[in-house]
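Let's work through a model together, one feature at a time. Have the viewer open as we go.

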Amino acid sequence: MSFEMTKGLFKYDFIDQHAILGIPLDAEFNDIRKRYMKIARRLHSDTCSFEDPADKDWANQFLSKVVNPAYNKFSKESDRKEYNLLLATISKRLVKEQAKMQIESAAAKQLATAQNWEEAYKTAVSKLALKQYESVEETQQAIDQISELNMVYLLRKERMGGGGGGVAPGSPAKATTPTSTEKTAAATPATATPAAPPPPKVEPPNSQTAAYCRRAQGFMDSKNYAKASLELREALKRDPKYSQAHAMLAMCYFEQNQATMAKLEMNKALASNPEEPTALEVKKKLEQASAKAKKGDEKPGFFASLFGGKKK
């Protein structure tokens, strides 16, 4: 089965992983992960809503051969660095060869002349991503158009002196001459403000862990929490400290009225990542259930093991 893509950045012997995932070039990894999970649920054989068997087969093949490798490219730091270097090289090449550049999509043509081009770029990518995986035809068209947008974005950024490293935030700002006010402020001693602590480092899952979590999410969406729990336990065998898997398992336990186990998995998730959104959601649900139980609104014994209630 062929998945040939030949427009936009694909013309430069480059696999445009951003276009495949439908994300802008400066997307953060957490956003990339969320987008990948959404696409995976859409294309996976267990959750795919395509009616035609041939389309379902295409979706499953496209997920394993195109989407998964695209996501994996962002999961390892060494791969990300290599990818960013290629983008920077292509940016310079685009400037040299812009006279020969061919743009086909209306969105890319508009971006080429847009005044507020950075905002216009993100808006255009988001709009295409909404329907990117609704059908086989829309998938291929959207990838082509997003890659053309990426091509025009890189060209305009390089011409402005911004370079091609759009996926690696934190580049040094251009030096400017300080004003007299700034010089005065710099000369005045000030009490040092302690720097904010860095956000917790969240390691991306390996491909097997991601696959188990993806299947688990599918089961959770259909409220089959028992099967979802089995998938998540397998994921944690391979990646015991992966906070998202612990958080998802906590949610499964909560939905099955196993409050003690829910709290245990929630704490493990928050120990690895204090900002894990699913774990924080479980925490909120447990606190709300505890408050109801104290008022006598919960069924007897539901949270007894966790909050010290007495069984009748």
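Predicted model: local features only at pLDDT ≥ 70, side-chain atom pairs only at ≥ 80, totals over all residues.

Q: How many helices and strands does the protein chain have?
A: Helices (H or I, at least four residues) and strands (E, at least two) are DSSP runs, numbered from the N terminus. Here you get 14 helices and zero strands.

Q: How do I describe two packed helices?
A: You give the angle between their axes and the distance between the axes. Axes are lines fitted to C-alpha atoms, for helices over the stretch in contact, with angles from 0 to 180 degrees between N-to-C directions. Take helix α6 (residues 117–130) and α7: their axes are 10 Å apart, at an angle of about 170 degrees. That makes α6 roughly antiparallel to α7 (over 145 degrees).

Q: At what angle do the axes of α4 and α7 cross?
A: Helix α4 (residues 77–96) and helix α7 (residues 136–159) cross at roughly 80 degrees, their axes coming within 9 Å. So α4 is roughly perpendicular to α7 (65 to 115 degrees).

Q: Which residues in α4 meet α7?
A: Contact means heavy atoms within 4.5 Å. On the α4 side they are Leu87, Ser91, Lys92, Leu94 and Val95, meeting Met151, Leu154, Leu155, Glu158 and Arg159 in α7.

Q: Which residues touch the most other members of the largest nonpolar core?
A: A nonpolar core is a set of buried Ala, Val, Leu, Ile, Met, Phe, Trp, Tyr and Cys residues joined through side-chain atoms within 4.5 Å. In this one, with 81 residues, they are Ile20, Leu43, Phe62, Val67 and Leu94. Leu43 has contacts beyond four places in sequence that include Cys48, Phe50 and Tyr133.

Q: Is Cys213 buried or exposed?
A: Buried means under 20% relative accessible area, exposed over 50%, partly exposed in between (1.4 Å probe, protein chains only). Cys213, in helix α9 (residues 207–221), has 1%, so Cys213 is buried. Not counting residues up to four places away in sequence, Cys213 touches Met37, Leu232, Ala235, Tyr242, Ala245 and Met248. Across the 312 residues of the protein chain, 42% count as buried.

Notes. Residues numbered from 1 in each chain as written. Heavy atoms only, no water. Parallel < 35°, antiparallel > 145°, perpendicular 65-115°, else oblique.
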